[in-house]
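User: I am new to this structure. Please take me through some of its labels and what stands behind each one.

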Amino acid sequence: MAEILGIGCTHRPLMLRRNEDWTGMMKASLDDPAMPEEMKNPANWPAPLRAELGNDWGTASAARAREVYRRHFVEARAALDAFKPDLIVMWGDDQYENFKEDIVPPFAVLAYDDQDIQPWAHRRSPQNPWNEPADKVFRVRGHREAGKYLAAHLIEAGIDVGYAYKPLHHQMGHAFENTVLLLDDERRGFDYPLVQFSVNCYGRRVNAAHGLRLPLAMKDDIRNLDPPSPNPHRCMQVGAATARIMAASPWRVALMASSSWSHSFLTEKNWQLWPDVEADRRLYGALEAGDYAQWHNYTTDQIEDCGQHEVLNWFCLLGAMEALGRKPDKAEFIETWAFVSPVVFAHYHA
Ligand SMILES: [Fe+2]
C-alpha cells in the first residue's frame with residue numbers, strides 16, 4: 001500500500017494581483033445595471049465587510065491577508081517536501097478555460113505529460129507579484145502513466161470518468177496553475193509531477209456566464225441555464241474511489257483540493273457582494289470534526305444557494321479522507337467578507 005497525504009488549499013487568484021485590485025469583483029457587481037440602489041449603500045452591508053474595506057477599498061487589509069495566505073502556502077509546501085510524493089493528484093475547477101461549449105465533462109483526469117506553461121502570457125495583464133517577464137516559462141511535470149492508471153481504475157470501479165492526454169482550449173486552468181505558482185512562492189522550483197483532476201464546479205453557469213459572474217438580470221433564471229455540476233455526494237464517491245486506487249498504486253501520492261469556499265460573485269442572495277460566510281463556517285465545523293455525514297447530506301441546491309460551487313473540489317478530498325479513515329491533523333478557516341471567498345487550509349498527514 002502506498003502512502004497518501006491529503007491537503008486542501010486555495011488557488012486564490014487575488015494573490016496574483018495587486019492589493020488595490022482585490023475588491024475588483026465586488027466593484028464589478030456594484031456596477032451591474034440591475035444592482036438595486038439600496039444595495040449600493042454601504043450602510044446596508046454587513047459590518048465585517050465594511051470593516052475589512054476600511055477607507056481604502058480593502059487595500060490595507062489585502063496587504064495583511066496576503067501575508068497570512070503566504071504563510072499557509074509555505075506550510076503546505078513544507079508538508080509536500082516532507083512527504084516527497086511521487087505525484088500530486090489535484091482536484092480543481094475549470095472556469096470556462098479548457099472545457100466549454102464543445103464538451104463539459106463532470107469529471108476528467110488530465111493524464112498529461114510535462115507542460116511548458118506561460119502563466120503571464122495569457123492574462124489580461126502580465127503584471128505579477130514576482131515581477132516575472134510576460135514570456136516567463138515554467139515547466140510543470142505531468143505523469144501520464146499515473147493519470148492513465150487512475151482513469152482506468154476509476155472506470156473499472158464504476159466511475160465513468162473522462163480523460164485527456166493534451167489540453168483542449170487552454171494550457172492549464174487557473175485552479176491548477178495558480179496553486180503551483182503559489183506553492184513555489186520562493187521560486188525554488190516545483191518538481192512534483194501533477195495529475196490534474198478537473199471537476200465541473202460551475203455547473204449551471206459554466207457556459208452561460210463563461211465561468212465568471214452572471215449578470216444580475218439573469219439571477220432568477222439559473223435553473224434554465226446549463227446542466228448542473230455533479231452532486232456533492234457523487235464528488236465524495238469519486239474522491240473515495242481515487243483514494244482507494246492510489247493507495248493501492250506503486251506511488252506515494254498527495255491528494256489535493258484546490259479552491260476557496262463560497263464566492264461572493266456566485267452568491268446571488270447577497271447580490272454578489274459578499275460570500276456566505278455562515279454556510280462556510282457550518283461546513284468547516286463538520287470538516288474539523290470529521291463529521292462526513294454532514295458532507296454527504298449536502299445538496300446541489302445548497303451549493304448553489306451559498307455560492308459554494310468550488311467547494312466540490314473539497315468534497316472530492318473529503319470523500320478520499322473518509323475512505324482512508326482520516327480526520328484533519330490541522331485545519332484553519334480564514335474569514336473574509338471583502339475578498340471574494342473565505343479560505344480553508346487543511347492537512348491530513350500520511
Ligand atoms: Fe476557481
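Analyst: A word on the model first. It is predicted: local features need pLDDT of at least 70, side-chain atom pairs count only at pLDDT 80 or more, and totals for chains, interfaces and linings use all residues. Residues are numbered from 1 along each chain as its sequence is written.

User: Why is Lys84 called exposed?

Analyst: A residue is exposed if 12 or fewer other C-beta atoms, placed from the backbone, lie within 10 Å of its own; 20 or more make it buried, and anything in between is partly exposed. Lys84 has 11 such neighbours, so it counts as exposed. Lys84 sits in the loop between α3 (59–83) and β2 (87–93). Helices (H or I, at least four residues) and strands (E, at least two) are DSSP runs, numbered from the N terminus.

User: What makes the phi of Lys84 worth a remark?

Analyst: Most residues other than glycine have a negative phi. Lys84 is not a glycine, yet its phi is positive, about 55°. Arg187 also has a positive phi, near 55°.

User: Why does Arg187 count as exposed?

Analyst: Arg187 has 10 C-beta neighbours inside 10 Å, so the label is exposed. Its place is the loop between α5 (174–183) and β7 (194–199).

User: What makes strand β10 largely enclosed?

Analyst: Five of the six residues of β10 (residues 343–348) are buried, so the rest of the structure largely encloses the strand.

User: How do you know that β10 pairs with β1?

Analyst: Two strands pair if DSSP finds at least two bridges between them. Strand β1 (residues 4–9) and β10 have three, in the antiparallel sense. Gly6 stands opposite Tyr348 of β10. Strand β9 (residues 330–334) also runs antiparallel to β10, with five bridges. There, Ile334 faces Val343.

User: Why is α6 called mostly covered?

Analyst: 12 of its 16 residues are buried. Among them are Pro232, Cys235 and Met246.

User: How do you know that the span of α6 (residues 232–247) is close to the expected one?

Analyst: The expected span is 1.5 Å times one less than the number of residues. For α6, with 16 residues, 22 Å is expected, and its first and last C-alpha are 22 Å apart.

User: What makes a nonpolar core, and which residues have the most contacts inside the largest one?

Analyst: A nonpolar core is a set of buried Ala, Val, Leu, Ile, Met, Phe, Trp, Tyr and Cys residues joined through C-beta atoms within 7 Å. The largest has 98 residues, and Val89, Val195 and Leu255 have the most contacts inside it. Leaving aside neighbours within four places in sequence, Leu255 is in contact (C-beta atoms, placed from the backbone, within 7 Å) with residues including Ile4, Val89 and Met246.

Note on methods: Two residues are in contact if their C-beta atoms, placed from the backbone, lie within 7 Å.
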